[in-house]
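Here is a walk through a two-chain model. Keep the viewer open and follow each stop in turn.

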Amino acid sequence: MPMKDVILFLHPTFGVLGLVAAVWVFVETLNSTDANQKRIWLASLAVAGLFALTWFFAERYYTVYYHAGDQQIIQNGPVPWAHSFFMETKEHLFFIPLILAFYLPFVTRLRLSVNKPARTMVLVLAAFITLNGLAIEGAGAIINWGAKTTLAQTVQMAPAASQTKEVQ
Amino acid sequence: MDTQNQAQAQGQGKLREQATGDTSEGAKAATAAAFGLSAAITVVFNVVLAFVKDSYPPLNAFMTQLTGHHWRTHGLADVILFVLLGWFFMARGIPAGGLTNNTAVTLAGAVVIASAALGLWFLVV
């Protein structure tokens, strides 16, 4: 498999793992006690680390490979808005859960079981990381569909190999 | 549990929360509040930068020139702003009230407004 495709698959994988970790933080915080405090802290570090990895691989794919072909494929196809709306929104929306993920460990190191404002903040952060993450994953699927639709149309318009032989 | 016992339990819970405000926990809470405010501002800054960059090509070109791609510069600008503002607020003891429910409401409001504005911008423009 070419490195381009490896990076393409890695960035949403880490993104999904990051939002699963955010759900983990959310659920643990709903039931926060001193006993699970360290687990919440570690899970929040996992959220930050996984979003950092998502950023790293997304940066590689988006800045190197996406502009070198995928964008043109989508823009010249039947659903150009898969780029103009979904990709444009996604690429800027991503920085919101990234910042929230980096901020999360600042709050989870507080004693959540006895600190209500900190608990509320962690729940807000984990919820928004998850919701934004889901929206971004969904937008990624639509962008992928935009490229696939163009390529499918191109294949349908191209003459079949057997027909080409007959003409020759 | 009758009403009197419930009130007593709630009172004890509050006292317990206040009792945790030791120096290290208080310092951690002040840091969390400072970076919470910084996160709210950074989230809004991220969207404003996206709007300006999208409607003013020279800025986009300048950002591309800095790191080789405007998106790379954008992300770095967000993270650097988050760290610097957080550090600045922490040094100045801002917000004075520390980490409260209002900090969470401010951040949640910033995220909702910024996300919606971003979607609307690329839908309309």
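Start with a loop in chain B. B:P95 sits in the loop between α4 and α5 of that chain. The peptide bond leading from B:I94 into B:P95 is cis, and its omega is near 0°. Keep in mind that the model is predicted.

Now take in chain B as a whole. Its elements are 5 helices and 0 strands. Read from the N terminus, the order is α-α-α-α-α. Of the 125 residues in chain B, 32% are buried. Consider next the contacts in chain B with a separation of 6 or more: 79% of them join residues 24 or more positions apart.

One helix pair in chain B deserves a stop. Two packed helices are described by the angle between their axes and the distance between the axes. Helix α3 of chain B, residues 57–67, packs on α4(B) at an angle of about 85°. The two axes are 7 Å apart. Angles from 65 to 115 degrees count as roughly perpendicular, so α3(B) is roughly perpendicular to α4(B). Which residues of α3(B) and α4(B) meet? From α3(B) come B:N60, B:M63, B:T64, B:L66 and B:T67. From α4(B) come B:H70, B:R72, B:T73, B:H74 and B:L76. By type, this contact has 3 nonpolar residues, 6 polar and 1 charged.

Next, the contact between the chains. Chain A puts in 32 residues and chain B puts in 35 residues.

What about the nonpolar core? In soluble globular proteins, nonpolar side chains tend to be buried together. The largest nonpolar core here has 72 residues. Within this core, A:V47, A:I99, A:L100 and A:L125 touch the most other members. Both chains take part. Chain A supplies at least two residues from each of α1 (3–30), α2, α3, α4 and α5. The element that gives the most is α2(B), with 13 residues.

Follow one of those core residues across to the other chain. Sequence neighbours within four places aside, A:I99 is in contact with B:A39, B:T42, B:V43, B:D78 and B:F82. Pick B:V43 from that list. B:V43 is in helix α2 of chain B. Is B:V43 buried or exposed? B:V43 has 26 other C-beta atoms within 10 Å, so it is buried; the cut-off for buried is 20 or more. Beyond its neighbours within four places in sequence, B:V43 is in contact with A:I96 and A:I99 in chain A, and with B:A110, B:V111 and B:A114 in chain B. For scale, B:V43 and B:T67 are 24 residues apart in sequence, and their C-alpha atoms are 21 Å apart.

Return to chain A and look at α3(A). Of its 13 residues, 11 are buried, so α3(A) is largely enclosed by the rest of the structure. The buried ones include A:F85, A:F86 and A:L93, along with A:E88, A:K90 and A:E91. A:M87 is buried too. At A:M87, α3(A) bends by about 30°.

A:H11 lies in helix α1 of chain A. A:Y61 lies in helix α2 of chain A. Neighbours within four places in sequence aside, A:H11 is in contact with A:T54, A:F57, A:A58 and A:Y61. A:Y61, on the same terms, is in contact with A:I7, A:L8, A:H11 and A:Y66. A:H11 is buried, because 20 other C-beta atoms lie within 10 Å. A:Y61 counts as partly exposed, because it has 19 C-beta neighbours inside 10 Å. The cut-off for buried is 20 or more.

Two C-alpha distances complete this stop. A:H11 and A:F56 are 45 residues apart in sequence and 7.9 Å apart in space. A:Y61 and A:V16 are also 45 residues apart along the chain, with 17 Å between them.

Methods
Residues are numbered from 1 along each chain as its sequence is written. Chains are lettered from A and ligands numbered from 1 in the order in which they are written. This is a predicted model: local features need pLDDT of at least 70, side-chain atom pairs count only at pLDDT 80 or more; totals for chains, interfaces and linings use all residues. Two residues are in contact if their C-beta atoms, placed from the backbone, lie within 7 Å. Helices (H or I, at least four residues) and strands (E, at least two) are DSSP runs, numbered from the N terminus. A residue is buried if 20 or more other C-beta atoms lie within 10 Å of its own, exposed if 12 or fewer, and partly exposed in between; C-beta atoms are placed from the backbone. The bend at a residue is the angle between axes fitted to the seven residues ending there and the seven starting there. A nonpolar core is a set of buried Ala, Val, Leu, Ile, Met, Phe, Trp, Tyr and Cys residues joined through C-beta atoms within 7 Å. Axes are lines fitted to C-alpha atoms, for helices over the stretch in contact, and angles run from 0 to 180 degrees between N-to-C directions. Angles under 35 degrees count as roughly parallel, over 145 as roughly antiparallel, 65 to 115 as roughly perpendicular and the rest as oblique. Ala, Val, Leu, Ile, Met, Phe, Trp, Tyr, Cys and Pro count as nonpolar, Asp, Glu, Lys and Arg as charged, and the others, Gly among them, as polar.
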